[in-house]
Structure formats: structure tokens, C-alpha cells
Amino acid sequence: MIHFNKPYRTGNEIGYIKDAVDNQLQISGNGHYTKKCQSFIENRYAVKKCLLTNSCTDALEMCAILIGISPGDEVIMPSYTFTSTANAFILRGAKVVFCDSMVENPNINHHALETLITDKTKAIIAVHYAGIACDMDSIVDVAKRHGLYVVEDAAQAIESTYKGKQLGTIGHLGTFSFHETKNIQCGEGGMLMINDPAFINRSEILWEKGTNRAAFWRGEVDKYGWVDIGSSYLPSELNAAYLWAQFERLEDIQSKRIELWNRYNSNLKNLDSKISNPDVPGYASVNAHMYYIVCSSLEDRQNLISHLKSNDIHSVFHYQSLHASPYFEDKHDGRELFMSDKYSNQLLRLPLYYDLSIEDVDNISELIQAYYAN
Ligand SMILES: *Cc1c(COP(=O)(O)O)cnc(C)c1O
């Protein structure tokens, strides 16, 4: 049986967790390993400030607070995304306005943004689907003209770039996920990247339950207290120690995944009259978070899933349009979001993880070829 995903372990995770328990000063958050993880990303991607969080969901919730979302504010985002992208803003009282996806790929259709902006619009959320970049110049340009914030949900996009710049470092704020389904993982984990320095001080306060504890530890204030709203967004050192083991092997993990991604892509290229392969715009790089194909219909996808399953291969579809979800359906303004629905019905994700071999990818590809030969 080839599973859809198998989280990779480098072998050093337990050693670092043991070190955190035995040798470090604390296992609560913001200790030795948290600082190592944050500095690693700050240095690698030249980010002004990073904060490790319990999830990308947490980091998105922090974004909503930082940009001052209050009831009635409107936030534009793709309908083809994970619930957390929307929930984070809905929890602060925002009205979510869903935008359709591109014809070429599931990213937000930047051509449609202008028509969705009103006096109440406060932010655009760019979700880099499959780690493939949205058209950031166009999004940033629209946002600048209308005085809007840009938040990048880069949950899937570690090591992916737009015109050479790491995703998550272009908007005012960006977020990563280290959930076990992502390239680099610690079970549950995430990171907030603060690119606009105006948000740095407050982000640390929100992170530490509304206190100025982080500044206190640095000796910048002589006592710490309750200075703002906040929550417990920082993970324990146990998670940070696990994550550190993964960061150390980042390049090895990425080169293996990219090798597998490229193999799928060359194996399946000739099927382009039957399926679509991932569209990678010229400005984008591929981090091999996911290899997806777009089938010709819901029925075609279902048959292919069954064909692969009968050969012990687990492939899975992905998001169902949020605008048509049980929670949001009656809040949506009725616009058809044709491409979002198309990806909901037709997109299929193939197994891709570190321990998969080139032979596995070849076997899966052959089964897909055989299915479409009939
Ligand atoms: C995985 C994912 C999330 C949620 O990440 P968590 O770390 O599980 O909270 C949010 N948005 C997108 C696009 C994702 O892929």
C-alpha cells in the first residue's frame, strides 16, 4: 500500500527533545530551540522578525489581530483554500469576500480583485497553493492603490519563491505551517513572519498572552504585565526541538521532494490532452509540496481514484469551495466561482513524501497512463 503521505523523520528529533528536557533552562515556549528555529528562518529568508506558533492557524489569527480587523471589515481571499484562512478573520468579525481561482492554477484570480474591493475592504489574503506563487506584483499593486494589507498564507510554501523572493516575505505579514502534512513538520506547528516592522512589538505581546514578557526577558522593561489582548500562540520547546531537527535537514528534504515532483511531471506530461499538470508561472519556483493533476470531470477523478486504490495507491482530492460550504453557503453573495468549483471537483493529489522512491513514482505514473490509455 502506498499512502498519500508519510511524515518524514530525520532521526535527530528525539535527541533534541531529550536535550531540551535534560539540558535546557525551560521546556515552556520561547526558549533555546524556539530561538534557533526563529533565527534560522530570519537569516535564511532575511525576515525582519519570525515567531514560532502552534500552527499556521495561530499565525493567521495573529495576522487578523495585528492588522486590526474589527466587525464589518471585509477581507478578500480565494474560496479554494483551507478553513483556517477564513476562520482567522471571521473570528475577529470580518466579512469574508471569496474570490475565484485562476484558470491556470488554483491561486487567487488577481484580475478579479478590483471588482471586489469596497470602502470596507481591509486586506487581501494570498494563498500560495501547492507552494506555487500567486502573482504578487499584481496583488501588491492593487493593495497599494486601495490602501489594503496583504497577508500571505504561505502554509505550503517553505523554500518557494516569487521572482527569487521567498514566499511569505512579500506581504505585510506571512505564515508557514509545520503540520505533519507539510514539507517540514513537527506534528502541529507554524510561524508568523513579520515583514512590516510596525507590527513587531505588538506581535510579541499577542504571542505571550497580552503581556510584555518577551521584552522583559530581554531586559527592556523592569517588570512585565498585561498590556494588550493576546493568547497562547507559542509552542512548547518540545515541539521546537523536533522542528529544529527538520530545519537542519531542510535542503536534503527539499532536493528529494523536488526529484520526485520532477519525475511525476515528466512522466505525466504527455497526458496533457486528458489532464492538466501543475501550472508553474515563469516567476515562480517549485518547492514540491504537492503534485496534483486536474482531471476532466468529477467522474473521471472518481474513476481514477478507484483505479489507483484497486492497485493499493492512495490518492486524494483537496478543498471543497468555502463559499459553498455548510457554514458559509447562506453568507455568500451568490456569485458563481467557477474555477474554484472546478478544482474542488477535478483536482487530484498524488502521493509525494520523502520516503517515496523514484520507482514508486514510475509505478504510479504507469497506472495513470494505463487508466487513460483505455
Ligand atoms: C495547512 C494549511 C493551513 C493550516 O495549517 P495548520 O498549521 O494546520 O494550522 C492553512 N492554510 C493552508 C493553505 C494550508 O495548506
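User: What follows helix 6, and what is its phi like?
Analyst: Helix 6 is followed by Gly 147, and the phi of Gly 147 is positive, near 65°. Keep in mind that this is a predicted model.

User: Good to know. Which residues of helix 6 are buried?
Analyst: Helix 6 covers residues 136-146, and its buried residues are Met 136, Ile 139, Val 142 and Ala 143.

User: Where do they sit around the axis?
Analyst: On the same side of helix 6, because they cover an arc of only 135° around the axis. As background, an α-helix has 3.6 residues a turn, so residues three or four places apart point the same way.

User: Which exposed residues are on the face turned away from the buried side?
Analyst: That face of helix 6 carries Lys 144 and Arg 145, which are exposed.

User: Is Ala 46 buried or exposed?
Analyst: Ala 46 is exposed, with a relative accessible area of 65%.

User: What about Asp 312?
Analyst: Asp 312 is not a glycine either, yet its phi is positive, about 65°. For context, most residues other than glycine have a negative phi. Asp 312 lies in the loop between helix 11 (298-310) and helix 12 (338-346). With a relative accessible area of 42%, Asp 312 is partly exposed.

User: New topic! At what angle do helix 2 and helix 9 pack?
Analyst: The angle between helix 2 (residues 32-45) and helix 9 (residues 237-248) is about 40°, and their axes are 7 Å apart. The two helices are therefore oblique to each other.

User: Is the crossing left-handed or right-handed?
Analyst: Helix 2 and helix 9 make a left-handed crossing.

User: Which residues make the contact?
Analyst: From helix 2, they are His 32, Tyr 33, Thr 34, Lys 36, Cys 37, Phe 40 and Ile 41. Helix 9 brings Glu 237, Ala 240, Ala 241, Leu 243, Trp 244 and Phe 247.

User: How many of those are nonpolar, polar and charged?
Analyst: The contact of helix 2 with helix 9 has 9 nonpolar residues, 2 polar ones and 2 charged ones.

Key: Residues numbered from 1 in each chain as written. Predicted model: local features only at pLDDT ≥ 70, side-chain atom pairs only at ≥ 80, totals over all residues. Heavy atoms only, no water. Axes fitted to C-alpha atoms, helices over the stretch in contact; angles between N-to-C directions. Helix = DSSP H or I, 4+ residues; strand = E, 2+ residues; numbered from the N terminus. Parallel < 35°, antiparallel > 145°, perpendicular 65-115°, else oblique. Left-handed = near helix turned anticlockwise from the far one by under 90°. Contact = heavy atoms within 4.5 Å. Nonpolar A, V, L, I, M, F, W, Y, C, P; charged D, E, K, R; others polar. Buried < 20%, exposed > 50% of the residue type's maximum accessible area, 1.4 Å probe, protein only. Arc of directions from axis to C-beta.
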